[in-house]
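Dear colleague,

Please find below the structure that I am handing over to you. I would ask you to look through it before reading the notes that come after it.

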Amino acid sequence: MIEIERSALPLSFDDRPLPKRIGLVILATDHTSEPDFRRMVASDRIGLYVARIAYANPTTPENLRRMQPRLAEGAGLILPEEDLDLVCYSCTSASVVMGDDAIEEAIRQAKPGVTVVTPPLAARRGLEALGARRIAVLTPYTVETSRPMAEYFAGHGHDIARFTCLGLDDDREMARISLSSIVEAAEVAMAPDAEALFISCTALRAAGVVAEIEQRIGRPVVTSNLATAWMALRLCGDDHPRPELGRLMAL
């Protein structure tokens, strides 16, 4: 038998392995949020901790609402009994259907007092920072699922110059839309008199082509994952400009 010796060396401990901790609650079917956040947010200073919650397509307002009871459980699985600096819920369409306040309340059942960020809330903050009130909107959803999105932004004081949807009802298909198709759809969706373009849906890989779209349309572009990443970074005290990710990330 190999003899194992227990060290008597005294150990010191840090308060946290990383100074900042972000919880990310995503759909079980999500292909995009986690890679986007690891690319744009995670660092040697900011830890990203992910939980997935049950979700079944098609993407309809009724199916989106069914996730609400699962939010507390999902958030509670992220570093149980430990504090987080903030929790991001990564579903834009569900956020507008349920409402930002309802999502915050559900997540705080598991993480009392935590700052909660949703994609539409982050998009609003991003558009405000860019000084854009009149906007064009592009979603991958059906007309039925796009309707609450239009009402959400109009209800928060945005003038919608043009609203375009792609008619899909499966978030796994949305995640497979090619980058070239996203760029082309964004260019067509932009209204001549809009001050910015908002591209909705955390499943879309639009955050990776924001700079290219901005170059084509000559106006700022805000996407769900880009806006949430931007707001999360700023709330964690990271204000380092990254203009290669688009105009919002330069603010």
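This is a predicted model: local features need pLDDT of at least 70, side-chain atom pairs count only at pLDDT 80 or more; totals for chains, interfaces and linings use all residues.

Residues are numbered from 1 along each chain as its sequence is written, and side-chain values use heavy atoms, with hydrogens and water left out.

**The chain as a whole**

The chain holds 11 helices and 8 strands; these are DSSP runs numbered from the N terminus, with helices being H or I of at least four residues and strands being E of at least two. For 251 residues, a compact globule would have a radius of gyration near 18 Å, and the value of 19 Å for the chain agrees with this. That radius is taken over C-alpha atoms, and the globule rule is 2.2 Å times the number of residues to the power 0.38. The C-alpha trace spans about 75 × 40 × 35 Å along its principal axes.

Of the 251 residues, 52% count as buried. Buried means under 20% relative accessible area, exposed means over 50%, and partly exposed lies in between (1.4 Å probe, protein chains only). Contact means heavy atoms within 4.5 Å. Among contacts between residues at least 6 apart in sequence, 77% join residues at least 24 apart.

The chain is divided into domain 1 (20-118) and domain 2 (120-224 + 243-250), with bounds that come from an automatic or database domain assignment. The C-alpha centres of domain 1 and domain 2 lie 21 Å apart.

Leaving aside neighbours within four places in sequence, Ile-213 is in contact with residues including Ile-182, Leu-197 and Val-221.

**Cysteines and Thr-92**

How many disulfides does a search of the whole structure find? It finds 0, a disulfide being a pair of cysteine sulfur atoms within 2.5 Å. For Cys-91, the closest cysteine sulfur is that of Cys-201 at 7.1 Å, too far for a bond; Cys-91 is buried, at 6% relative accessible area. For Cys-165, the closest cysteine sulfur is also in Cys-201, at 12 Å, again too far for a bond. Cys-165 is partly exposed, at 27%.

Cys-236 is placed in the segment after α11 and is buried, with a relative accessible area of 1%. Cys-236 and Lys-20 are 216 residues apart in sequence, yet 6.7 Å apart in space, C-alpha to C-alpha. Beyond its neighbours within four places in sequence, Cys-236 is in contact with Lys-20, Ile-22, Arg-45, Ile-46 and Leu-86.

Thr-92 is in helix α4 (residues 92-98) and is buried, at 1% relative accessibility. Apart from neighbours within four places in sequence, Thr-92 has contacts that include Pro-119, Tyr-141, Cys-201 and Ser-224.

Yours sincerely
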